[in-house]
Amino acid sequence: MKVKLQNHLFIFRKSVPIILANASVPLLGLVETATIGRTGSVHELGAIALGTLVFNFVYWGFGFLRMGTTGFTAQALGAKDDLEISFVFIRAWLVGFVIGLFLILFQYFVVEAALWMMNGSEQVESLVGQYFLIRIWGAPATLSTFVILGSLIGLGRTTQLLWVQLVLNGVNILLNILFVLVFGWGIKGAAFGTVIAEWITCVIGVVIAYKAVRIVSLSTFTKHWSSVLAKEKILLMLNVNANIMLRTFALLAGFAWFANQGAKFGDVTLASNHILLQFVSLSAFFLDGYAYVLEMLVGKSLGALDWNAFRRDVRNANQLAAVTAFLLALLIATMGNLAIENLTHELEVRVMAKEYLPYASFYVLVSFYAFQLDGIFIGATRTREMRNASVFSFFLFLTLGIMFVPLFGNQGLWIAFIVYVLVRGMSLRWYMPQVKRSFFN
């Protein structure tokens with residue numbers, strides 16, 4: 001009993017820095033919006049919203065650099081292969097940096113494609129273009145930081161991950177205040193502040209990673225360069241990352257379709273659903289903490305081929321996540337009405353958001369299993385299965401939505417959304433025997 005409690009506490013302690021790191025992200029967005037809102041025009045406020053959305057979409061697409069690095073690093077840690085830990089970092093860092101350079105090289109094509117998909121006014125789109133063409137210069141730093149975070153999670157260095165995230169968001173907040181409020185540079189100041197913060201964080205992150213990952217010296221790299229850049233290792237990494245990218249786009253498409261369907265019901269429904277999704281997103285910060293730790297634990301146990309450790313860690317992490325999901329759902333159900341009152345002054349939006357609050361609460365309650373299984377499959381680098389489960393779940397969501405929405409309206413949309421996250425978990429659970437075979441093959 002004592003050993004089991006210690007294991008629960010270990011998982012909890014490792015997850016807390018990740019939860020705090022995640023929670024610092026919306027604070028940055030709030031400060032950025034507030035600085036522009038206090039000094040800029042309505043066009044600049046709209047441009048910062050759309051510009052941030054563009055970068056979120058671009059960088060989310062390359063989130064595989066974080067997830068793939070975590071899985072491979074944790075497996076090398078479990079196998080006690082210090083050289084491979086270092087090589088995984090170098091391979092992923094090179095890929096991330098090169099992708100960042102390509103984004104800079106093709107920045108005009110990317111921004112034109114983004115503006116083409118937007119429906120902003122001419123003034124807003126012009127400002128978005130200015131914001132993008134400045135901020136894109138931080139792409140190599142941001143993608144490199146993804147790799148750094150992935151390595152730190154894979155090694156279980158979650159406290160150091162917190163410091164990296166706090167540096168990024170803290171410096172960004174300070175520079176936003178300086179450049180926008182003090183210097184009056186407007187949206188360009190916000191972009192410059194973010195770019196500088198991204199590069200400062202990248203440099204500090206590399207220093208932290210150099211010590212944590214124990215990156216090999218130049219002479220060792222030269223001696224083992226064929227192993228670092230081994231064709232089969234590179235192809236395996238690219239295959240894993242490509243599957244994660246497709247899985248991520250399937251998830252993005254699901255949330256985008258949910259938002260788009262809500263918009264078709266009118267502004268009131270769109271706004272009320274948006275408020276409820278903030279509760280869902282906030283809950284994800286907590287549940288992601290356990291999933292990230294599980295990525296490390298699963299990868300480590302697989303690297304060591306320790307099936308008993310895998311079963312123990314998965315069981316204990318699932319128990320913690322289930323209890324947390326229950327408490328979050330209970331908090332939303334009991335305190336959600338008060339939060340809604342403080343989030344909008346529009347009476348119609350308040351009434352509708354309160355009407356659908358139980359659906360958001362239930363979504364959070366049942367969503368933890370999908371988060372946990374994501375952590376298992378990322379740690380095991382079984383990304384093909386993740387891709388298949390996400391794509392299947394998305395198309396089932398579309399099918400149910402097309403069936404339910406005409407019959408039940410927004411209620412049908414929420415029902416389909418809840419089934420969507422349940423099926424994401426169940427479809428991954430169906431692939432679990434393949435994870436088990438990884439330990440015995």
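**From surface patch to salt bridges**

Mentor: Helix H8 (158-182) and helix H9 (186-214) each supply at least two residues of a nonpolar patch, where helices are DSSP runs of H or I with at least four residues, numbered from the N terminus. The model is a predicted one, in which local features need pLDDT of at least 70 and side-chain atom pairs count only at pLDDT 80 or more, while totals for chains, interfaces and linings use all residues. Residues are numbered from 1 along each chain as its sequence is written, and side-chain values use heavy atoms, with hydrogens and water left out.

Trainee: What makes the nonpolar patch a patch, and which residues form it?

Mentor: A patch takes residues with over 30% relative accessible area and no salt bridge, joining nonpolar side chains (Val, Leu, Ile, Met, Phe, Trp, Tyr) within 5 Å and like charges within 9 Å. Here the members are Ile177, Leu178, Leu181, Val182, Phe183, Trp185, Phe192, Ile196, Ile200 and Ile204, with about 830 Å² of accessible area together, by the Shrake-Rupley method with a 1.4 Å probe, where only the protein chains shown count as cover for residues. Phe183 lies in the loop between H8 and H9.

Trainee: Why is Phe183 counted as partly exposed?

Mentor: Buried means under 20% relative accessible area and exposed means over 50%, with partly exposed in between (1.4 Å probe, protein chains only); Phe183 has 42% relative accessibility, and therefore counts as partly exposed.

Trainee: How do you know that Arg66 and Glu295 meet in a salt bridge?

Mentor: The rule asks for a side-chain nitrogen of Lys or Arg within 4 Å of a carboxyl oxygen of Asp or Glu, and the N to O distance for Arg66 and Glu295 is 2.6 Å, so the pair meets that rule. The pair links distant parts of the chain, with Arg66 in helix H3 (residues 64-78) and Glu295 in helix H13 (residues 267-303), 229 residues apart. Arg66 is buried at a relative accessible area of 9%, and Glu295 is buried at 2%. By this rule the count comes to 11 salt bridges.

Trainee: What makes Glu84 and Lys233 a salt bridge, and is each residue buried or partly exposed?

Mentor: Their side chains meet at 3.7 Å, N to O, which falls within the cut-off of the rule. The pair links distant parts of the chain, Glu84 being in helix H4 (residues 82-105) and Lys233 in helix H12 (residues 231-264), 149 residues apart. Glu84 counts as buried at 14% relative accessibility, whereas Lys233 is partly exposed at 35%.

Trainee: Why is Ile85 called buried, and what is it in contact with?

Mentor: Ile85, found in helix H4, has 2% relative accessibility and so counts as buried. Contact means heavy atoms within 4.5 Å; leaving aside its neighbours within four places in sequence, Ile85 is in contact with Thr73, Ala76, Leu77, Leu155 and Val213.

Trainee: How do you know that the length of helix H16 agrees with its number of residues?

Mentor: The expected span is 1.5 Å times one less than the number of residues, so the 23 residues of H16 (residues 357-379) should span 33 Å, and the end C-alpha atoms, 34 Å apart, agree with that.

Trainee: Why is H16 described as largely enclosed?

Mentor: Of its 23 residues, 18 are buried, so H16 is largely enclosed by the rest of the structure.
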